[in-house]
Amino acid sequence: MTNPNPNSEQLKRWRLILGAASEEKLQSYGAGGRILDEESAIMDEALAAIYDETHESAGEARSGGNGSRRAGLGPSSPKLAKWLGDIRSFFPPDIVSVIQTDAIERKGLKQLLFEPELLSQVKPDIQMVATLMALKGQIPEKTKDSARQLVKAVVDEIVKRMAQDLQRAVTGALNRRRHSPLPSSTGLDWNTTIRKNLRHFDQERKLLIPEKVYFFDRARRSKEWTVILDIDQSGSMAGSVIYASIVGSIFASMPALETRVVAFDTEVVDLSEQCANDPVDMLFGIQLGGGTDINKSIAYCEPFITEPKKTLFLLVSDLYEGGNRTEMLRRLIDMHEAGVKTICLLALSDQGVPSYDEAVAKRLAQHGIPCFGCSPDKLPELIEGALKGHDLALLSERLRSGKPV
């Protein structure tokens, strides 16, 4: 304690951090009596259920000896349901995500979460989706609908967050300036039509009456670029796998892009069809964990590269290769030298860059293939810059530094 006379709010915060074992010592710094008010006591109980150390089973009540807690989740659904409600009431969403994840890892609550009434109270977030993906083979039939709804909520939130910016980035990069005299409702260029007809706005009727309507050339709307996402399914890449897969589904919805989504461990799974149809099904098709054969996945992706200078290859991986590392490096370098826009994302996540193979990343960077972690919010800038032909090394450095591309 740095302050010998902390106020009651400081005491309360330290008490919540240190737990019940600190009660007597902290009281000596104050005026005695209870440190926690009623609301703080509920918060303390919720924290104690996860972070209080005990050698007893999770379902056993704890004795009230010196400094020990009596909290515990217990095996019953009502107690766990109350706990889930408490943490969502008293903690902000980012903290709720951390506590939920710790609860599953520290207290063995995986089976308890596979009950519909409990899943309905869990905060939908990336960590919870990753847990459900990892345990999908254990989810009982009665809970599958609830699990799917939780995953769908996260997918919808990410799509809402990213789709518009990604679509704008791709459209801006392809720079549709040529127009066709042939009318097509699907090819209507709204922005150009409005901009070039503003002088024809009827003030009285409050209507824009266009003199000329502009349409995109249909040939330019179809598959101008190939985008390949090659995604490492390693357990440590869980958040990146989820973001990258959903980004793939957004790309698949754009007529100008031919999108391939591939996931790998020691085997390769092509998720392109599921990606285009239902990203929730696609996520349940991913198997987190296992070994890693990056070389095999790149070899699988190579036939999709029919026009190298119109191909963007995104390898989402921490670069720990369990297969042929020398051949993996050769394939990536050859791809880059053939004109493919080749980028390795060590992470596509809000959580920063996890551990990665620094030697491999350095070797790729020396050959002009940038390797860096990218937040989902920065990805549209990366995509637009890559499709516009910007220098990838400079582009990645700007993104890392936070400078505009």
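Guide: Contact here means heavy atoms within 4.5 Å. Please keep in mind that this is a predicted model.

Visitor: Which residues of α8 and α16 meet, then?

Guide: On the side of α8, Met162, Asp165, Leu166, Ala169, Val170, Gly172 and Ala173 take part, and they meet Leu379, Pro380, Ile383, Glu384 and Leu387 of α16.

Visitor: How do the axes of helix α8 and helix α16 cross?

Guide: An angle under 35 degrees counts as roughly parallel. The axes of α8 (residues 141–174) and α16 (residues 379–387) come within 8 Å and cross at roughly 15°, which makes α8 roughly parallel to α16. The crossing of this pair is right-handed.

Visitor: At what angle do α8 and α10 cross?

Guide: The axes of α8 and α10 (residues 238–252) come within 9 Å and cross at roughly 55°, and the two helices are therefore oblique to each other. Here too the handedness can be read, and the crossing of α8 and α10 is right-handed. In this contact Val155, Ile158, Val159, Arg161, Met162, Ala163, Leu166 and Val170 of α8 meet Ile242, Tyr243, Ile246, Val247, Ile250 and Phe251 of α10, a set that divides into 13 nonpolar residues, no polar ones and one charged.

Visitor: Which residues touch the most other members of the largest nonpolar core?

Guide: The general idea is that, in soluble globular proteins, nonpolar side chains tend to be buried together. In this structure the largest nonpolar core has 67 residues, of which Phe251 and Leu379 touch the most other members; the largest share of this core, twelve residues, is supplied by α8. Leaving out residues up to four places away in sequence, Phe251 touches Leu166, Val170, Val227, Leu229, Leu257, Thr259 and Ile383. Another core, of 23 residues, lies apart from the largest one and includes Ile228, Cys301, Leu332 and Leu364.

Visitor: Is Thr226 buried or exposed?

Guide: A residue counts as buried under 20% relative accessible area. Thr226, which lies in strand β5 (residues 225–232), has a relative accessible area of 11% and is therefore buried. Beyond its neighbours within four places in sequence, Thr226 is in contact with Glu258, Phe304, Lys310, Thr311 and Leu312.

Visitor: Where does Leu319 lie?

Guide: Leu319 is in the loop between β8 (311–316) and α14 (325–337), and its relative accessible area of 0% means that Leu319 is buried. The phi of Leu319 is near 70°, a positive value in a residue other than glycine.

Conventions:
Residues numbered from 1 in each chain as written. Predicted model: local features only at pLDDT ≥ 70, side-chain atom pairs only at ≥ 80, totals over all residues. Heavy atoms only, no water. Axes fitted to C-alpha atoms, helices over the stretch in contact; angles between N-to-C directions. Helix = DSSP H or I, 4+ residues; strand = E, 2+ residues; numbered from the N terminus. Parallel < 35°, antiparallel > 145°, perpendicular 65-115°, else oblique. Left-handed = near helix turned anticlockwise from the far one by under 90°. Core = buried A, V, L, I, M, F, W, Y, C linked by side-chain atoms within 4.5 Å. Buried < 20%, exposed > 50% of the residue type's maximum accessible area, 1.4 Å probe, protein only. Nonpolar A, V, L, I, M, F, W, Y, C, P; charged D, E, K, R; others polar.
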